Amino acid sequence: MPEVIPKGNTVVITHELDTPSGLIDVQSSQPHNQATVLAVGPGRWLSSGHRHKMTVKEGDRVLIGRFNGLLYEHEDKTVRYVQEEEIMAVLERVPDEQHNV
């Protein structure tokens, strides 16, 4: 899949989870409201002229509403575009040393 570059406060997530072996495991047993963050936009512009700092990062496991966002299929992979405000909680945070932004 080509690199996804979201705009503003958009977050790209997937319900697929990379396994340690490098294979992708579609977690049919997982609720569809849990997802992994694939890409994060730079944040929305505030009226002060500064950008809002995003609170999620690539690799985080998050909780979202079941029907939130926009589904998009590309090269046999389904991703969902959501606004940061649609993310209800971070379930599992990626340590900073593993984060590659």
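**Figure 1. Order of the elements along the protein chain.** From the N terminus on, the elements of the protein chain run β-β-β-β-β-β-β-β, and the secondary structure comes to 0 helices and 8 strands. Here helices (H or I, at least four residues) and strands (E, at least two) are DSSP runs, numbered from the N terminus. The model is a predicted one, in which local features need pLDDT of at least 70 and side-chain atom pairs count only at pLDDT 80 or more, whereas totals for chains, interfaces and linings use all residues. Residues are numbered from 1 along each chain as its sequence is written, and side-chain values use heavy atoms, with hydrogens and water left out. Of the 101 residues in the protein chain, 30% are buried, where buried means under 20% relative accessible area, exposed means over 50%, and partly exposed lies in between (1.4 Å probe, protein chains only). The protein chain exposes about 6,800 Å², of which carbon and sulfur atoms supply 52%; accessible areas come from the Shrake-Rupley method with a 1.4 Å probe, and for residues only the protein chains shown count as cover. Among the contacts with a separation of 6 or more, 64% are accounted for by residues 24 or more positions apart, a contact being heavy atoms within 4.5 Å.

Figure 2. Strand β1 (residues 10–14) pairs with β4 in the antiparallel sense over 4 bridges, two strands being counted as paired if DSSP finds at least two bridges between them. Within this pairing, V11 has V40 in β4 as its bridge partner. β4 also pairs with β5 in the antiparallel sense, over 3 bridges, and there the bridge partner of A35 is V62 in β5. T36 has its place in strand β4 and is buried, with a relative accessible area of 11%. The side chain of T36 is joined to that of R61 by a polar contact of 2.6 Å, a polar contact being a pair of N or O atoms within 3.5 Å, of which, within protein, one must be able to donate a hydrogen and the other to accept it, while residues adjacent in sequence count only if both atoms are side-chain atoms.

**Figure 3. The largest nonpolar core.** This core has 10 residues, namely V11, I13, A35, V37, M54, V56, V62, I64, V82 and I87. A nonpolar core is a set of buried Ala, Val, Leu, Ile, Met, Phe, Trp, Tyr and Cys residues joined through side-chain atoms within 4.5 Å. β1, β4 and β5 each supply at least two residues of the core. When its neighbours within four places in sequence are left aside, V82 is in contact with N9, T10, V11, I13, N68, G69 and I87.

**Figure 4. The hairpin of β6 and β7.** β6 and β7 run antiparallel and are joined by 5 bridges, with R80 in β7 as the bridge partner of L71. The two strands form a hairpin with 2 residues between them, and E75 in the turn has a positive phi of about 50 degrees. Of the 5 residues of strand β6 (residues 70–74), the number buried is 0, so this strand lies largely in the open.

Figure 5. The structure holds 2 salt bridges, a salt bridge being a side-chain nitrogen of Lys or Arg within 4 Å of a carboxyl oxygen of Asp or Glu. In one of them E85 is paired with R44, the closest N and O atoms being 3.7 Å apart. E85 lies in the loop between β7 (77–83) and β8 (87–92), and R44 in the loop between β4 and β5, so the pair ties together parts that are 41 residues apart in sequence. R44 is partly exposed, with a relative accessible area of 36%. R93 forms a salt bridge with D60, with the closest N and O atoms 2.8 Å apart. Because R93 lies in the segment after β8 and D60 in the loop between β4 and β5, this pair ties together parts that are 33 residues apart in sequence. R93 is partly exposed, with a relative accessible area of 44%, whereas D60 is buried, with a value of 0%.

Figure 6. A polar atom of the K57 side chain lies 3.0 Å from the backbone oxygen of V94. L46 is found in the loop between β4 (34–40) and β5 (61–64), where it counts as partly exposed at 33% relative accessibility. Leaving aside its neighbours within four places in sequence, L46 is in contact with R51 and H52.
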